Amino acid sequence: MCKVISIANQKGGVGKTTTAVNLGIGLAKAGKKVLLIDADPQGGLSASLGIGEPDEVKTTLATILMNVVNEDPIQPEEGIIHHEEGVDLLPGNIELSVMELNMANVMSREMLMREYIEMQKDRYDYIIIDCMPSLGTMTINALVASDSVLIPVQAAYLPVKGLQQLIKTISMVKRRLNRHLTIEGILLTMVDFRTNYAKDISNKVRETYGTNVPIFECVIPVSVKAAEASAEGISIYGHCRNSKVSNAYKELTQEVLGDGK
């Protein structure tokens with residue numbers, strides 16, 4: 001059984017892409033077949049996996065979705081890039097912004113990504129979608145195609161406050177478009193436990209959401225090493241194997257695997 005996980009938060013800079021890379025490669029290290037899909041026009045996931053100029057890539061998620069719209073045949077390997085650390089990547093770039101505008105008049109526009117992912121499910125154990133920092137049509141597409149949503153949240157006041165809107169959107173998608181959708185969990189990122197502020201925010205998240213939404217036991221510490229790894233186009237495991245942040249992502253991987261699918 002393939003499990004599809006969207007990594008979503010309408011706020012940028014909370015560690016979505018870093019989490020997508022390191023969770024995906026962590027799962028691959030655990031022997032799973034993993035496809036990472038870059039659903040952000042900024043192409044951050046593609047760049048973090050070593051694609052120097054995402055905007056110059058010819059076949060991307062936008063190309064695939066346009067083929068779905070036009071009912072053109074799609075080969076399973078089309079556009080997929082194999083990364084040296086054992087994951088596959090379907091890149092994304094600025095064309096996704098144009099695609100989102102073009103989807104406005106398409107029938108069943110929320111279902112396009114699901115149609116593609118259904119085709120890939122028998123080839124992978126996990127498909128992870130790195131969403132753009134908005135709640136537009138592309139993110140709704142990702143939620144409709146997913147089994148669960150992982151929500152990275154920076155341990156700061158405003159990102160935590162913005163969670164309410166995201167959780168409402170997930171509930172709406174669950175009611176209207178994908179009744180199997182669940183929340184994988186809230187993941188606290190960029191946590192500096194040397195400060196009382198970070199501890200207070202972490203406690204507030206658990207108090208406010210913990211009764212209704214799963215919250216991961218592990219937290220991702222604040223670290224420059226994660227940014228350095230992205231710049232090198234590799235995971236935190238390849239960049240700095242025994243750092244606190246790599247150990248935290250190993251724990252996250254184990255928690256996701258422990259979820260059983």
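**A colleague's note on this predicted model**

1. Leaving aside residues up to four places away in sequence, Thr169 touches Leu135, Ile140 and Leu143. Please keep in mind as you read that this is a predicted model.

2. Where does Thr169 sit? Thr169 belongs to helix α8. Is Thr169 buried or exposed? Its relative accessibility is 9%, and buried means under 20%, so Thr169 counts as buried.

3. Now widen the view to the two helices around that spot. Two packed helices are described by the angle between their axes and the distance between the axes. Helix α6 (residues 137–145) packs against helix α8 (residues 163–176) at an angle of about 55°, and their axes are 10 Å apart. The two helices are therefore oblique to each other. The crossing of α6 and α8 is right-handed.

4. Which residues of α6 and α8 meet? On the α6 side they are Ile140, Leu143 and Val144, and on the α8 side Thr169, Ile170, Met172 and Val173. Sorted by class, this contact of α6 with α8 holds six nonpolar residues, one polar residue and no charged residues.

5. Helix α6 itself is mostly covered, with eight of its nine residues buried. The buried residues of α6 are Met138, Thr139, Ile140, Asn141, Ala142, Leu143, Val144 and Ala145.

6. Helix α3 (residues 61–70) and helix α4 (residues 95–102) pack at an angle of about 25°, with 8 Å between their axes. That angle makes α3 roughly parallel to α4. The crossing of α3 past α4 is left-handed.

7. The α3 side of this contact is made by Leu61, Ala62, Thr63, Leu65, Met66 and Val69, while α4 brings Glu95, Leu96, Met99 and Asn102. By class, the residues where α3 meets α4 divide into seven nonpolar, two polar and one charged.

8. Next comes the sheet. In what order do its seven strands lie? The order is β3-β4-β2-β5-β1-β6-β7, in an open sheet with mixed pairing. The edge strands are β3 (81–82) and β7 (182–189), each of which pairs on one side only.

9. Strand β1 (residues 3–7) has five of its five residues buried, so β1 is largely enclosed by the rest of the structure. In a regular strand the side chains alternate between the two faces of the sheet. In β1 both faces are covered: Lys3, Ile5 and Ile7 are buried on one side, and Val4 and Ser6 are buried on the other.

10. What are the neighbours of β1? In the strand order, β1 lies between β5 and β6. Strand β5 (residues 126–131) runs parallel to β1 and is joined to it by five bridges. Within β5, Tyr126 is the bridge partner of Lys3. Strand β6 (residues 148–154) also pairs with β1 in the parallel sense, over three bridges. Ser148 in β6 is the bridge partner of Ile5.

11. Strand β2 (residues 34–39) and strand β4 (residues 88–90) run parallel and are joined by three bridges. In this part of the sheet, Ile37 stands opposite Leu90 in β4.

Methods: Residues are numbered from 1 along each chain as its sequence is written. This is a predicted model: local features need pLDDT of at least 70, side-chain atom pairs count only at pLDDT 80 or more; totals for chains, interfaces and linings use all residues. Side-chain values use heavy atoms; hydrogens and water are left out. Axes are lines fitted to C-alpha atoms, for helices over the stretch in contact, and angles run from 0 to 180 degrees between N-to-C directions. Helices (H or I, at least four residues) and strands (E, at least two) are DSSP runs, numbered from the N terminus. Angles under 35 degrees count as roughly parallel, over 145 as roughly antiparallel, 65 to 115 as roughly perpendicular and the rest as oblique. A crossing is left-handed if the near helix is turned anticlockwise from the far one by less than a right angle, and right-handed if clockwise. Contact means heavy atoms within 4.5 Å. Ala, Val, Leu, Ile, Met, Phe, Trp, Tyr, Cys and Pro count as nonpolar, Asp, Glu, Lys and Arg as charged, and the others, Gly among them, as polar. Buried means under 20% relative accessible area, exposed over 50%, partly exposed in between (1.4 Å probe, protein chains only). Two strands pair if DSSP finds at least two bridges between them.
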